[in-house]
Structure formats: structure tokens, C-alpha cells
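Here is a friendly walk through a protein model and its ligand. Have a look at the picture first, and then we can go through the details together.

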Amino acid sequence: MNCLASDAETLGCLAPNPKLLKQLMRQPLGSTPLRIRSGGTSSRCASDGCWTLDLRKHREIHYQEHSQNIEIGTGLTMAELLQALRPHGRSVPIGLSGLTGSGFILTGGMGPLSRSQGLAVDSIQAMEGIWGTGEPFSLSTDQSAENSRQWRALMGAAPFLAVVTRLRLRTQPLQPLRLRRGLIHPSLLPELLQMAEQWPETCSLQWSWGERLEIYAVDSSDDQTTPGPLAALAPILGTDHQAAVQHCTSQLEQPRFGSLASENASFQPVHNEVTGRLGPALGRKASPLIERLSARIQQRPHDECRISAQQLGGATTRVNRESTSFIHRDSMWKPWITAAWNPGDLAGRERSLQWMDQVSDDLRQACPGLHLAQLHDHLPGHQRELVDAFGEWLPELRQLKSELDPEGRLPPL
Ligand SMILES: Cc1cc2nc3c(=O)[nH]c(=O)nc-3n(C[C@H](O)[C@H](O)[C@H](O)COP(=O)(O)OP(=O)(O)OC[C@H]3O[C@@H](n4cnc5c(N)ncnc54)[C@H](O)[C@@H]3O)c2cc1C
């Protein structure tokens, strides 16, 4: 569980089964908002003075051979989902870790396969759950026009409106991956970003910058014979064994992202907050931006503070801006900032959060959008983040919030 969330002084944790959840959602809570825990990887799945609703009893899973869709309870992790799909030779695009839960899917999570297979939210075919009012719902891609606002709202902004209990997901053929990672000098990053912007959709670049700068390139193309983008990385990464191309039979075998960028050698627990921005291809803007970020990296207030990024484009751009709450469909990059501090170090927390805001400001011009995968309703920048995440769709979302969660039982919008 996220370390900050697990240290929170909550009112308690409730883990109702599907039947009891319906009753619970109609009870007065005494304290709002209710915090929802699925994978439990974000800092706000539990917080001081709030009840936590744990979805661990929502773990059913059913693969439909005829449609190649999978129906899941939302208490499962992405690793459990992929393990259940493996015998059928199928998978869904997950992120850089199998630890995340349905929050990853519902907030528009992305990963190394997103450029060819879309965002996780784009796989959703149907959803069931309970609105903040306590009313149950069941919606699918072929819902009536009357429900289309609600469907759009759930596709990327569900945490503000409902507890989603079941998902039906479209699956993809299980895909082996080739991967190449290593450490580079930061001066090489702008050129590398511009190279990656020309890569085919089957390839993606991820990087993580802390004490060192790690790059992590993934190729999912079937063509293993012609030298592709991974081979072109040889002059940058060198020839030592760590930089060799690795073969993974599925996303679950991916090596741990970011492990080369810094060593938390003592494995001390660290508190952190994360914010992710979204922006289009950088082209020549890459150079001045990376120079600016390099200066910020030198000023990191804690060893575990980092700037990282993952690449979008291709399939993620082919979905209409108006059809989901993930509106930044022109994005090529999601840089994210990790602000870290030692538990209990309040001054360190302030310094790291201030650093996160400064880096976010540096990125804002090139990356005006925001990926709201981590809720920050306890931080001063929350309102600004909502505007950057949902743009012109925010007023309509707020209207829906007033209809579907009028008492604010779920996080504020
Ligand atoms: C190790 C690690 C790797 C990651 N890699 C990636 C990545 O590659 N790509 C990427 O995009 N993101 C990535 N993330 C970010 C992560 O996907 C988001 O923080 C996501 O929101 C986590 O969801 P969760 O269910 O694991 O966490 P939780 O903390 O359990 O959930 C996060 C929030 O989502 C909401 N929520 C969760 N489930 C439901 C539900 N069923 N109904 C309503 N609301 C719900 C709640 O508000 C909850 O507080 C990563 C995070 C970690 C820790």
C-alpha cells in the first residue's frame, strides 16, 4: 500500500461485499469524502479523518470466449488481471507496474503498449457501480444518448462521481516485448526525445531522472529481424550487458522501471505525492526544456524526488476528444513529477511539494494538460489541476457531480 496512505489516521476501513456496499452507500457517513482503495497505490486511497472503502471483496473475474472481453471486479490488480488472461493468450495494456488496481484503468492509465493499443480506459466496454447518491448504475458503450454524458464522465473522471464495482474490458492478443534500458548523460535526452517522436507506434520511450537518468525503450512489433529503434539506441547506451535487448514474454516480465535511476539502498519508507502533465510532441522545444529540468534536478530537496516521462501517441490520439474525460488526445508525452520526503518531516514535505509545483510550472507551457491519476484534493493546486485535466468539459462534469453526488460523498470536483 502507498506509504503515505498507510500512515494516515483514518476513521477505519470498510470492506463490504457487493450486497453490503449498496446498503453502505445509502448510510450517512459522518465524515466525507469516502476514500476508495482498489490497488492502494496512490496517496489518497486513505486519509486522515476519513473512512476507507476497500474493494478487496470485489475480485470476481470471467473471460468471455466468444467476445474476447473480460469482466472483472474492481478489487483486482493489473498483475492479477494479466495472469487470468494469459491462459487465453490475451492481455490488456497495463502501465509500468502490475501493482496498480482499477484506479489505473478508470483514470486513463497508460503504459508502454498504449501507442499501439490505447489507454486502459479505452478498453472499457461496460461499467457497473453505485453513484454518490447511492443509486446503482450499469452502462455500456452502446448506452442511450440520454446516458452518454454519464458514460463520458465515468471514462476518466469516475473517482469523483461513483464507486465502480465491475468492468468489462476489450482484450488484445498477448504480446511479447523487447526492451532496452540503460543510463545516459542528460545532454543526450533532447535528441533522444526527438528520435522517439518519429518512432513507429509499436515502440515507446520512458525515462526516469533522479540521481541518474534512466531510459527504458519498449518495442512490441512482430518484426524481430530488421533493426528497429532499439538497435538505433546502441550508440547512446553502449554495449555493456545491461544495455542489451531483453526479451519479455508479456508485460508482467518487464523489469522494474526506474530502478537504475536512483538507489533507495536502505529501502526506507518514503512519503510522496505525484503529479503528471500531458503535452504534444516537443520537437525543437525539447532542448531548452530539458536544460531547465536539469537545473531543477540539481535542486532536488530529497534523493527520491524525480522527474519521469512516458510516451503516448498513435492509438491514444485516435479517440475523439469529446468521447471520454481524458481530453488531451493530442498528447505525445506524459512527464510526471515525484515529490518525496521522510515520514514526519513536515519542512521536508513543504520543500518537496514546492519543488513539484516549480517543475510543474516549468513543464506547463510545453505540457499544458494534466493526467489526474493521483488526487490532490488536500493540496492548494487541486482546482488548477482540475482545470488543466478536464478543460472545457469541467463545467459539465461539475453539473453531473451536483446530480450524481450532491452530498460530496466522493472527492470534490
Ligand atoms: C508503482 C506504480 C506504477 C505506476 N505506473 C503507472 C503507469 O505506467 N501509467 C500510469 O498512467 N499510471 C501509473 N501509475 C499511477 C497509478 O496508475 C494511479 O495512481 C492510479 O490511480 C492508481 O490506482 P490504484 O487502484 O492502484 O490505486 P488506489 O489508490 O487504490 O486508487 C486511486 C484512486 O482511484 C479511485 N478509484 C480506484 N478504484 C476506484 C473504483 N473502483 N471506483 C471509483 N474510484 C476508484 C479512488 O479515488 C482512489 O483513491 C503507477 C503508480 C505506481 C505506484
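To sort residues by class, count Ala, Val, Leu, Ile, Met, Phe, Trp, Tyr, Cys and Pro as nonpolar, Asp, Glu, Lys and Arg as charged, and the others, Gly among them, as polar. By these classes, the shell around the ligand has 15 nonpolar, 16 polar and three charged residues.

The model is a predicted one: local features need pLDDT of at least 70, side-chain atom pairs count only at pLDDT 80 or more, and totals for chains, interfaces and linings use all residues. Residue numbers start from 1 along each chain as its sequence is written.

**Around the ligand**

In total, 34 residues surround the ligand, and Gly39, Cys45, Gly95, Gly101 and Gly103 are the closest. At least two shell residues come from each of β2 (35-37), α4 (102-106) and β9 (162-170). Helix α4 gives the largest share, four residues. Helices (H or I, at least four residues) and strands (E, at least two) are DSSP runs, numbered from the N terminus.

**The whole protein**

The protein has 13 helices and 18 strands. Of the 413 residues, 47% count as buried, that is, 20 or more other C-beta atoms lie within 10 Å of their own.

**Leu161**

Leu161 sits in the loop between α6 (148-157) and β9. Is this residue buried or exposed? Leu161 counts as buried, because it has 25 C-beta neighbours inside 10 Å. Not counting residues up to four places away in sequence, Leu161 touches several residues, among them Trp131, Ala153 and Leu410; contact here means C-beta atoms within 7 Å.

**Two packed helices**

Helices α10 and α11 pack with their axes 10 Å apart, at an angle of about 175°. That makes α10 roughly antiparallel to α11, a label for angles over 145 degrees. The axes are lines fitted to C-alpha atoms over the stretch in contact, and angles run from 0 to 180 degrees between N-to-C directions. The table lists who makes the contact.

| Helix | Residues | Contact residues |
|---|---|---|
| α10 | 286-298 | Arg292, Leu293 and Arg296 |
| α11 | 346-364 | Gln358, Val359 and Asp362 |

By class, this contact of α10 with α11 has two nonpolar, one polar and three charged residues.

How values were computed. A residue is buried if 20 or more other C-beta atoms lie within 10 Å of its own, exposed if 12 or fewer, and partly exposed in between; C-beta atoms are placed from the backbone. A residue is near a molecule or strand if its C-beta atom, placed from the backbone, lies within 6 Å of it. Two residues are in contact if their C-beta atoms, placed from the backbone, lie within 7 Å. Angles under 35 degrees count as roughly parallel, over 145 as roughly antiparallel, 65 to 115 as roughly perpendicular and the rest as oblique.
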